[in-house]
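Please look over the sequence and the structure shown here before reading on. The report that follows takes up single regions and then the chain as a whole.

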Amino acid sequence: MIEHNTEIRWPSAFSRFVVAGFAVIALVAAQLMLTAEIHGTNYSGGDGKLAQVTTLTAYKFANVFHFNSINPIQGLGSQLLPMNVWANPAYWPFAFLRKELATDVSAAIALGLFVIAGYIMARCFDVSVVLSAIGSQLSIILFAPLAFVFQLSTVFCIMVGNAVVYAPHMIALGLLARLEPGSWRGFGLATAGIFALLFYSLCCDPLWSIVHGIGWAAAFAVVAFGRLHLKTIRVRCAALSGCVVLLFLSGTAEYAHTLTIHTARIHFPGSSDRPRAPDFLASELFYSPYVKYFYLVWTLGWLLGLLTLCSRARLLVVTGIVSFIFLLGYTVLYLLLNVPWLAPLPLYLAHGLFPLFAISAVAGYGGALRLAASSARRIAAMVGERAVDIWSRLGEANRTRLGALRSSHGDGAPAQSRLRFVTAVAALIAVAIIPAGVAEFAITRGPAYAEALHERWPNEPELARFFEDKIGLEVGRPFRGSVHFWPFDYFTGLTVSGLWARSIPTVIQYGQLVTPPSFYFVYAVSEHQHAGANGFVPSPGLFWVNYWRVLQHLGARYYVAGHEGLPLSAYANFPVYTFPYRSVSGEGGLWYVYELPHPNVGNDSPTEVKTAGSSAEIGAMLAEPNFDFTRQVVLSEEISQPLVPARDIRLSVIRGGWHVSGRSDGTSLVVLPQQFSHCLRARDERVRLMRANLMMTGMIFSRDVDTDIVFDYGIFTPRCRSTDLADLRQLDLRISLSTPRVTNGRLLPDWKSALAALGAAARAIK
């Protein structure tokens, strides 16, 4: 092994900073050249448009610096996806620039921060400046458009801000590697730094931070125990333990836990299980022909690193190897386990581990190069000694002449200065290779991809203007109803995303935070089993009459029946409007829009109370053909006072919630078009909020009401969600869903079946 001393020729820290800064700036410039040539690849597809819409919605309707808020344009005030647009710099361009430009600027910011984090991590493991820069620069292929070219996971193409969510974990791992036994002050600063980085990641996006944290758990374990020095192990484990304690004491751990499990996907495991055959969600190996070569190159780099490196640099290589073994075992479990899969997909873990694999492999290749250079120097020294021996045999005159010649070239400070200058120039050239290659690709091959990956927003201004005029939302404007689409497919989803971008509310919700009550509600009233748990999309079910009652209770003023009119069996004697349909796929036609007569805009004020304790009982009552949502309500507890209809109810949007005003001649209950949660709070303490009709918010007040309703769930205030979880246990939400991976009640298949499954997976590798 060789010592990993790489700084002896660098003149100053400033020179190292210049090289690193140039590496980042050049790469970001190359990325901007790519996106200028290849259009529409950042925040692409339906999920990418959802990310843009979520960002715009947060800036428009959420309280400043709050990233837990209700979403007034999706799913009856569902919880907005916790993408922290205030703390994550990748989202800031959307506050100032038009969407198309903001997407590319956002990607450039995210790439720059991601590369900086990878560089800092590598430097903490004593990897040289040039190798740290090159290893971190390789992460550009995780970003669009190169991710599409190499057919990799599109996480950073769709959710560009996730790069900033992942970056703190890399720096935290580097800080842990630098932590050694010593002063309490150093220990405290390192622990505080690691905690701050983990906390920042969770603040940026707790869901994706958890995904990435699971993938990097093995890396943190290796760094904590990899030194095999008892005092070092104690110090590093103490730092990690301190961070865990702080996460629990601050409420952050409870927040992340409750946010995750209060979802339909977790509560109903069969709603999103994987198929029996190997599928592309297991690994990029199953759909990208390039990934197998990446793993081969990384493996060789790791082997070279084990043979040539020492100290922290070798620990980095070991960390990469163990993380790969962890990923391999995780993927095998995904393929073999006969239970619904609730953990993050292996595909996401592999994507998040890419920079660790690349940087550790580059460090290994660097060690081999340094060993080769050291061997070359030894050979040169041997040759030099031989030359000196020959020189000593020369005459005095020749020695004097040769000595004068050597002095004329200089061997003192000027020579050292020139050597340092040459070293710096060589370093700049080395870190410019990848940006130059990317720029060359943009210039020579970019035009061929210019529009090939560009999926535009639907161009349907007539439909959008109609809904903007009729039901568009603004802060301070009354809620006038929402729109619902059925049938619902991918291209309809693009149209819906375009309406969301214009602040047009829909009954539909799409995202990871669909709640168990709303998921069960759709099943109960329509007897429709979902294909997945990331959508709240009520469908007609068996009886159209019931469907119209339910939709209007959920706040729908308009129903879009797709590109054909409703059948006669729908009994839809409603006014109908038609608008041009222009799909991004090139198809054309008409949208058929039906206007429903009695949408619930906060004015459903039932006076007949039914009580039921379980979800099955509540669902049966709501599905009764004669159930009238305007007169009747199902609650989980009795109300002692007699109810009278409310009058003059006005429901308006405010930042972070709703404002409700109205009157009553006694005590009234109003069912708001808002999903219920115990995290909702009325600022007027005389107003009582409760669960109504399984998933809706019932508001009880006497005489007059004029109050704001806000959402109090947050990273420091997660307790209210625990009450929601207690509600779920009391409601006993159960749906019989097919689980194709559950066979014979066995956790794992028999040996023969396991080998067959792994053999099929091996054959599926591209």
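## Leu-247 and its surroundings

Leu-247 touches Phe-195, Leu-202, Thr-252 and Ala-253, leaving aside residues up to four places away in sequence, where contact means heavy atoms within 4.5 Å. Leu-247 is found in helix H11, and helices (H or I, at least four residues) and strands (E, at least two) are DSSP runs numbered from the N terminus. Because its relative accessibility is 14%, Leu-247 counts as buried; buried means under 20% relative accessible area, exposed over 50% and partly exposed in between, with a 1.4 Å probe and protein chains only. Phe-199 lies 48 residues from Leu-247 in sequence, while their C-alpha atoms are 7.6 Å apart in space.

This is a predicted model, in which local features need pLDDT of at least 70 and side-chain atom pairs count only at pLDDT 80 or more, whereas totals for chains, interfaces and linings use all residues. Residues are numbered from 1 along each chain as its sequence is written, and side-chain values use heavy atoms, with hydrogens and water left out.

## Helices around H11

Two packed helices are described by the angle between their axes and the distance between the axes. The axes of helix H10 (residues 217–225) and H11 come within 8 Å and cross at roughly 145 degrees; axes are lines fitted to C-alpha atoms, for helices over the stretch in contact, and angles run from 0 to 180 degrees between N-to-C directions. On the H10 side, Phe-220, Val-223, Ala-224 and Phe-225 meet Ile-233, Arg-236, Cys-237 and Leu-240 of H11. The residues of this contact divide into seven nonpolar, no polar and one charged, with Ala, Val, Leu, Ile, Met, Phe, Trp, Tyr, Cys and Pro counted as nonpolar, Asp, Glu, Lys and Arg as charged, and the others, Gly among them, as polar.

In helix H12 (residues 252–261), the buried residues are Thr-252, Tyr-255, Ala-256, Thr-258 and Leu-259. What covers them includes S2 together with helices H8 (184–204), H9 (206–215), H11 (230–249) and H26 (719–731).

## A four-stranded sheet

An open sheet of four strands has the order S3-S6-S8-S7, with mixed pairing; two strands pair if DSSP finds at least two bridges between them. Strands S3 (482–485) and S7 (576–582) stand at the edges with a single partner strand each, so one side of each is left without a neighbour in the sheet. From one strand to the next, the twist averages 30 degrees.

Strand S6 (residues 556–560) and strand S8 (residues 588–595) run antiparallel and are joined by three bridges, and Val-560 stands opposite Val-593 in S8. Helix H21 (residues 461–471) lies across S3, S6, S7 and S8, running at about 140 degrees to S7. Helix H22 (residues 490–501) also packs on the sheet, where H22 touches S3, S7 and S8, and its direction makes about 170 degrees with that of S3.

## The chain as a whole

The chain has 27 helices and 15 strands, and its C-alpha atoms fill a box of roughly 120 × 60 × 55 Å, taken along the principal axes. Of the 766 residues in the chain, 53% are buried. Among contacts in the chain with a separation of 6 or more, 75% are accounted for by residues 24 or more positions apart.
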